[in-house]
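I opened a new notebook page for this protein. I wanted its strand layout first, then some individual residues.

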Amino acid sequence: EFTINNIPMSMEYDVVLRYEPQLPDSWDEVGVVLTRPGPPETSSICGNNIPPDDILSTSLPPGSRYRVLAKPFCLEEMKEYTIKVEFRSYQSGRSSPQAAILFDSLVLVPKYTSVPIFQGQE
C-alpha cells in the first residue's frame with residue numbers, strides 16, 4: 001500500500017509497477033486500487049472520474065521487470081491518495097502457496113498530453 005501526498009499538478013498519471021519475478025510463470029491477476037479522499041472536484045480536470053475508474057487489473061509476465069497499467073489515474077494536487085496493489089492470482093487455476101515476487105516500486109508518470117509545455121498552440 002502506497003500513500004501519495006505530493007502530487008505537483010492535477011492531471012492524469014500513468015501507473016508503472018516495477019518488480020522482480022521470483023518464479024518462472026506470470027502473476028495472472030494483480031489488482032491496483034486507488035482510494036481518494038473524496039469525490040473529485042467537478043471543476044477539476046479529474047471531475048469526470050467515476051469510482052470504477054479507480055480499480056484496475058493487470059498481469060505481471062515473468063520476462064519483464066515493469067508493467068504500465070492500461071489506463072491512467074487522474075490525480076489532483078494538494079490531496080492525499082492511497083494506492084493498494086493486490087497480488088491475487090499466480091498461475092490461475094493452480095494452487096501456488098510458494099508464489100512470490102519482489103515488488104520494487106510504484107511510479108506515477110505524468111501523461112505528456114496533460115503537460116502544458118507539450119500541448120502546442122491552439
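**Entry 1: overall make-up.** I noted first that this is a predicted model. I then looked up the secondary structure. The protein has 8 strands and 0 helices. Along the sequence I read the pattern β-β-β-β-β-β-β-β.

Entry 2: I checked how much of the chain is buried. Of 122 residues, 34% count as buried. Next I looked at sequence separation. I took the contacts with a separation of 6 or more and found that 84% of them link residues 24 or more positions apart.

**Entry 3: a sheet.** Which order do the strands take in the open sheet of 4 strands? I read E1-E7-E3-E4, with antiparallel pairing. E1 (2–4) and E4 stand at the edges with a single partner strand each, so one side of each has no neighbour in the sheet. From one strand to the next, the twist averages 25°.

**Entry 4: pairings across the sheet.** I went through the sheet pair by pair.

- E1 pairs with E7 over 3 bridges, in the antiparallel sense. Here Ile4 stands opposite Tyr81 of E7.
- E7 (residues 81–90) and E3 are joined by 8 bridges, again antiparallel. I looked up Glu29 and found Ser89 in E7 as its bridge partner.
- E3 (residues 27–35) runs antiparallel to E4 (residues 55–60), with 5 bridges between the two. Trp27 faces Leu60 in E4 as its opposite residue.

**Entry 5: Lys79.** Where does Lys79 sit? I found Lys79 in the loop between E6 (73–75) and E7. I then looked for polar contacts of its side chain. One joins Lys79 to the side chain of Glu41 at 3.5 Å. Another joins Lys79 to the side chain of Glu76 at 3.3 Å.

Which residues does Lys79 touch, leaving out those up to four places away in sequence? I listed Ile4, Asn5, Pro37 and Glu41. Ile4 was already in my notes, as the residue opposite Tyr81. Glu41 was there too, from the polar contact at 3.5 Å.

**Entry 6: recap.** For the page summary I kept two items. The open sheet reads E1-E7-E3-E4. Lys79 makes side-chain polar contacts with Glu41 and with Glu76.

Methods:
Residues are numbered from 1 along each chain as its sequence is written. This is a predicted model: local features need pLDDT of at least 70, side-chain atom pairs count only at pLDDT 80 or more; totals for chains, interfaces and linings use all residues. Side-chain values use heavy atoms; hydrogens and water are left out. Buried means under 20% relative accessible area, exposed over 50%, partly exposed in between (1.4 Å probe, protein chains only). Contact means heavy atoms within 4.5 Å. Two strands pair if DSSP finds at least two bridges between them. A polar contact is a pair of N or O atoms within 3.5 Å; within protein, one must be able to donate a hydrogen and the other to accept it, and residues adjacent in sequence count only if both atoms are side-chain atoms. Axes are lines fitted to C-alpha atoms, for helices over the stretch in contact, and angles run from 0 to 180 degrees between N-to-C directions.
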